[in-house]
Amino acid sequence: MSAPTYDLGTLHGGLRLPARKSVSTRQPIVAMPVPAQLVLPITQHVGDPAEPIVGIGERVLKGQLIADTNSALGAPVHASSSGKVIAIEPWPVVRRFGENAPCIVVECDGRDESVQRADTAADFTTLAAEDLLGKILHGGIVGLGGAVFPTAQKLMQARTCEIDHLILNGVECESYISCDDLLMREHAEEIISGAQILMHALQIDRCFIAVESDKPEAVGKLAEVLGKINDDRIILKKVPTIYPSGGEDQLVQLVTNREVPSAGLPSDVGCLVQNVGTTAAIHDWVINNEPLISRVTTVTGDGVASPVNVRARIGTPIGEIIEMAGGYTDRAEQLIIGGPMTGKSITTDRVPLVKSTNCVLVSSKTPSPGPALPCIRCGDCASVCPVQLLPQQLFWYACADDEAKLRDFGLIDCIECGCCDLVCPSRIPLTADFRVAKGRIRELADEKARAARARQRFEARNDRLEREQARRESELAQQKAAAKKAGPTAIAEILKRRKPKNEDDE
Ligand code: SF4
Ligand code: SF4
């Protein structure tokens, strides 16, 4: 029997944030009814958009593929219920960049009819690892912890490295968010089944499930299931309740004591990290043939009447999810998708729930911190930085727009956790500045890549012209030699025929 272990590792820096989770964990996950209308963005992941494969007026069924992709970095989109496609048009969404994005709008018919699926794979162990990865590719599964990287591509990339540890991330270190906690309490079997599927796909036999020390119910339920299934490959690990212990690199360090190199990935040190929600979604798809069409999200904050966790269909308008939590209170002044540290503020509740929506936070306005003051070099920001950066130095170089120094001082490794902001006595918006500076560095890198491609094209054209010139000269020499043999009239005829063919001839 696999005995759960409870090793509390240590994290450099970080902060103990107020949990504020109990308000949304008093009752079990509530299943939301199918809404009247679903709005399904064709891009809900990092990578290239999927292409709609349905037309306006077409009837679709629950689980039907409605947008597909051939991209090396993409994820398909499935209808979350049955109904009619009434529009394919830009719609307000929560995105990293931009406000509106193309969406497939489905008017639901209330019948919730599912597409028929023939290929059941209840015993995944009979599938070859490659076939299992192929299956996961078609489930529309992306990282549900917020990164939304297409899961199949992440697994395929991992297969090219020497991975020996799978780490399931059950760490929800931001205040208010409790959807993974509830998922672990209520769906531990599915999460553990998903872990077994992933180990088979990766051909490894070690998995850690990392859960924070302040989640005794989730730990208890996972331990109970592990005790029943007798799979010694899976080990439960408690990690400290410190923000941001759920960051991928931080979790790898806490669980395995391996350090992810600068600008590297967990796979560089033999680890693959998957969110517990993603793992449960893999179970749902591989075992039950249900693609990623719903997720659990926390609806909370003093701006909603009854904070709760709901399972809602992807594409459900956020406004309807807030209604499910009792609607707005008088204190509702700001709407944030995600947690208070890393979430995005939005101005309309018409945006749909997407695969990455782990929390809908409605709250009263945070009082303005007042104007930023000069840096007093206290060093508090460096002492809390979980990546061991020097935020005060980075701030200095960001103000000076010194790209080289920003690179030297590791800006690329900043995970934008916001810890430095919270402790800065001068109220300097460090993280926002770092985000802008990283964007500028990315733009510069793109520009350099574009310039390199243009230079390659120019050089290739010159090579081609030189080869053509050499070929023509060689042909002319051959013709002259042949004509010399034939006599003077033939030479005059060849010279008359030789006219420039295009501007590159001369
Ligand atoms: S915490 Fe603020 S004031 Fe202190 S060193 Fe960092 S940036 Fe400067
Ligand atoms: S935002 Fe970046 S620099 Fe600031 S504490 Fe987090 S990782 Fe460090």
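Buried means under 20% relative accessible area, exposed over 50%, and partly exposed in between, with a 1.4 Å probe and protein chains only. The structure is a predicted model, in which local features need pLDDT of at least 70 and side-chain atom pairs count only at pLDDT 80 or more, while totals for chains, interfaces and linings use all residues. Residues are numbered from 1 along each chain as its sequence is written, chains are lettered from A and ligands numbered from 1 in the order in which they are written, and side-chain values use heavy atoms, with hydrogens and water left out.

View 1. A disulfide is a covalent bond between the sulfur atoms of two cysteines, and the criterion used here is a pair of cysteine sulfur atoms within 2.5 Å. Searching the whole structure with it gives 0 disulfides.

View 2. Helices (H or I, at least four residues) and strands (E, at least two) are DSSP runs, numbered from the N terminus. Strand S9, residues 165-170, is mostly covered, with 6 of its 6 residues buried. In a regular strand the side chains alternate between the two faces of the sheet. On one side of S9 lie His-165, Ile-167 and Asn-169, on the other Leu-166, Leu-168 and Gly-170, and all of them are buried. Two strands pair if DSSP finds at least two bridges between them. S9 runs parallel to strand S12 (residues 271-275), to which 5 bridges join it, and Asn-169 stands opposite Asn-275 in S12. S9 is also parallel to S10, again with 5 bridges, and the bridge partner of Leu-168 in S10 is Ile-209.

**View 3. From strand S10 over helix H5 to strand S11.** S10 (residues 207-212) and S11 run parallel and are joined by 6 bridges, with Val-211 opposite Lys-238 in S11. Together with helix H5 (residues 216-229), these strands make a right-handed β-α-β unit; right-handed means that, with the strands pointing away from the viewer, the path from the first strand over the helix to the second runs clockwise. In S11 (residues 234-239), 5 of the 6 residues are buried, so this strand is largely enclosed by the rest of the structure.

View 4. A residue is near a molecule or strand if one of its heavy atoms lies within 4 Å of it. The residues around ligand 1 include Cys-375, Cys-378, Cys-381 and Cys-424, along with Arg-377 and Gln-392. Ala, Val, Leu, Ile, Met, Phe, Trp, Tyr, Cys and Pro count as nonpolar, Asp, Glu, Lys and Arg as charged, and the others, Gly among them, as polar. By these classes the shell around ligand 1 has 7 nonpolar, 3 polar and 1 charged residues. Cys-375, at 35% relative accessibility, counts as partly exposed.

**View 5. The surroundings of ligand 2.** Ligand 2 is surrounded by 13 residues, of which the closest are Cys-385, Cys-414, Cys-417, Gly-418 and Cys-420. Helix H12 (419-423) and helix H13 (430-486) are the elements that give two or more residues to this shell. Its residues divide into 10 nonpolar, 2 polar and 1 charged.
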